[in-house]
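Here's a quick tour of a protein model, with the sequence and the 3D view side by side.

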Amino acid sequence: METISFEEFLRRLPKAELHCHLVGAIPAETAWEIATRNGVELPASGPESLYDFGQFYEFIERYMQVAEAMRTREDFAQAAYAALRAGHLAGNVRYREMFFNPTDHYRGGVAYPDLVDGLLDGIRQAEQDFGVRCRLIPSINRMESPAVAVDMVRDVLRWRRDEVIGIGLDAAEPSGPPENFAEAYRLAEDAGLHRTAHVCEDYAGLDGGPPANALTALDLLHCDRLDHGYNLLADPAALARCRDAAVPFTVCEPGSNEARLPKRRESIRAMIDAGLPVSLHSDDPAMHGADPGDVYVGAVTALGLDVDGAIDLCLAAVDAAWLDDTERRELRSAFRQEIAGLRDRLA
């Protein structure tokens with residue numbers, strides 16, 4: 001039997017990704033092809049430099065430019081397929097709940113039914129070709145107004161699709177505290193959608209992403225899980241509450257941003273040590289230059305986790321996924337079987 005290294009084991013672990021953004025996961029070549037086809041000029045000389053940017057707000061600007069270049073149902077199908085293909089080939093992603101921001105695409109003139117049905121075209125083709133399953137989470141851009149968020153949720157409900165299973169809240173946290181979007185979340189909850197939100201992000205600091213945002217997301221928005229959450233460590237009482245309530249947190253590596261890596265990894269390690277249910281994800285793998293395999297190799301190694309620790313992260317994502325009990329048991333069983341085979345081959 002061929003043996004594999006620990007690094008190869010981490011890359012080949014079956015993964016459930018719950019924190020991955022469509023636009024940030026589109027390979028640069030695909031994004032460039034879509035923009036060229038639509039006659040949209042992007043601020044780069046080609047795909048090789050398309051994802052060159054510095055600090056967080058430069059990333060947001062490039063993200064929005066790529067989002068606005070997508071105009072047709074076919075664009076969204078191509079983007080979703082390419083993103084899922086890349087995640088499967090580079091990190092053995094077997095299940096993904098993928099964020100997309102409808103209002104970011106509205107600026108390009110596309111209507112919600114065209115974009116969501118395009119995504120579903122790409123998702124279904126990827127499942128047929130690679131066996132990877134994907135569900136969708138329309139996400140509120142918190143840099144927009146609460147009224148825009150309400151209208152977006154109404155679009156989601158007007159053109160309801162079974163594969164759309166929840167809503168999220170992302171973009172620059174200081175621009176839109178979670179309480180601004182209570183009405184949009186109430187509409188989603190009343191319609192039976194799951195709920196999550198990006199909170200307590202480290203780039204925003206304690207002023208822009210305070211621990212209180214996590215509690216607001218739980219108490220006012222009635223979130224089922226939370227994304228990021230690093231600044232929660234600054235408030236022992238809030239941390240204890242989330243731990244005791246077993247609130248799942250989806251944490252991410254900051255990819256190519258080497259300056260933020262040590263602090264981020266230190267926070268993730270502290271969250272694990274504090275007993276929070278943490279799972280590891282790629283966030284914006286194409287734009288940040290770290291695919292799901294890279295994320296597991298980098299984080300697990302830096303956090304000092306062994307084989308069991310890596311497996312715990314892997315299965316924590318299955319536990320936090322928005323699946324019914326039967327689906328969860330089936331996915332967990334399939335993961336355990338595949339993991340056992342990989343473990344037997346470890347050098």
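Let's start with a cysteine: Cys200 is buried, with a relative accessible area of 1%. Keep in mind that this is a predicted model.

**Cysteines**
- A disulfide is a covalent bond between the sulfur atoms of two cysteines.
- How many disulfides does a search of the whole structure find? The search comes up with 0.
- Take Cys200: its closest cysteine sulfur belongs to Cys242 and sits 7.8 Å away, which is too far for a bond. To count as a disulfide, the two sulfurs would have to be within 2.5 Å.
- Cys252 is in no disulfide either, with the nearest cysteine sulfur, in Cys20, 8.7 Å away.
- Cys252 is buried as well, at a relative accessible area of 0%.

- Strands of a sheet pair through backbone hydrogen bonds, either parallel or antiparallel.
- Here, 5 strands make an open sheet, and its order is β1-β2-β3-β4-β5 with parallel pairing.
- Which strands stand at the edges? They are β1 (15-21) and β5 (194-195); each has a single partner strand, so one side of each has no neighbour in the sheet.
- Zoom in on β2 (residues 93-100) and β3 (residues 133-141): these strands run parallel and are joined by 6 bridges.

- Helix α6 (residues 73-91) lies across β1, β2 and β3, and runs at about 140 degrees to β2.
- Helix α18 (residues 325-344) also packs on the sheet, where it touches β1, β2 and β3. Its direction makes about 130 degrees with that of β2.

**Around strand β8**
- In a regular strand the side chains alternate between the two faces of the sheet.
- You can follow this in β8 (residues 249-252): Phe249 and Val251 point one way, while Thr250 and Cys252 point the other way. Are these residues buried or exposed? All are buried.
- On one hand, β8 runs parallel to β7 (residues 226-228), and 2 bridges join them. Asp227 has Thr250 in β8 as its bridge partner.
- On the other hand, β8 runs parallel to β9 (residues 278-281), with 4 bridges between them. Val251 stands opposite Leu280 in β9.
- Trace the chain through β7, helix α13 (residues 236-244) and β8, and you get a right-handed β-α-β unit.

Note on methods: Residues are numbered from 1 along each chain as its sequence is written. This is a predicted model: local features need pLDDT of at least 70, side-chain atom pairs count only at pLDDT 80 or more; totals for chains, interfaces and linings use all residues. Side-chain values use heavy atoms; hydrogens and water are left out. Buried means under 20% relative accessible area, exposed over 50%, partly exposed in between (1.4 Å probe, protein chains only). Two strands pair if DSSP finds at least two bridges between them. Contact means heavy atoms within 4.5 Å. Axes are lines fitted to C-alpha atoms, for helices over the stretch in contact, and angles run from 0 to 180 degrees between N-to-C directions. A crossover is right-handed if, with the strands pointing away from the viewer, the path from the first strand over the helix to the second runs clockwise.
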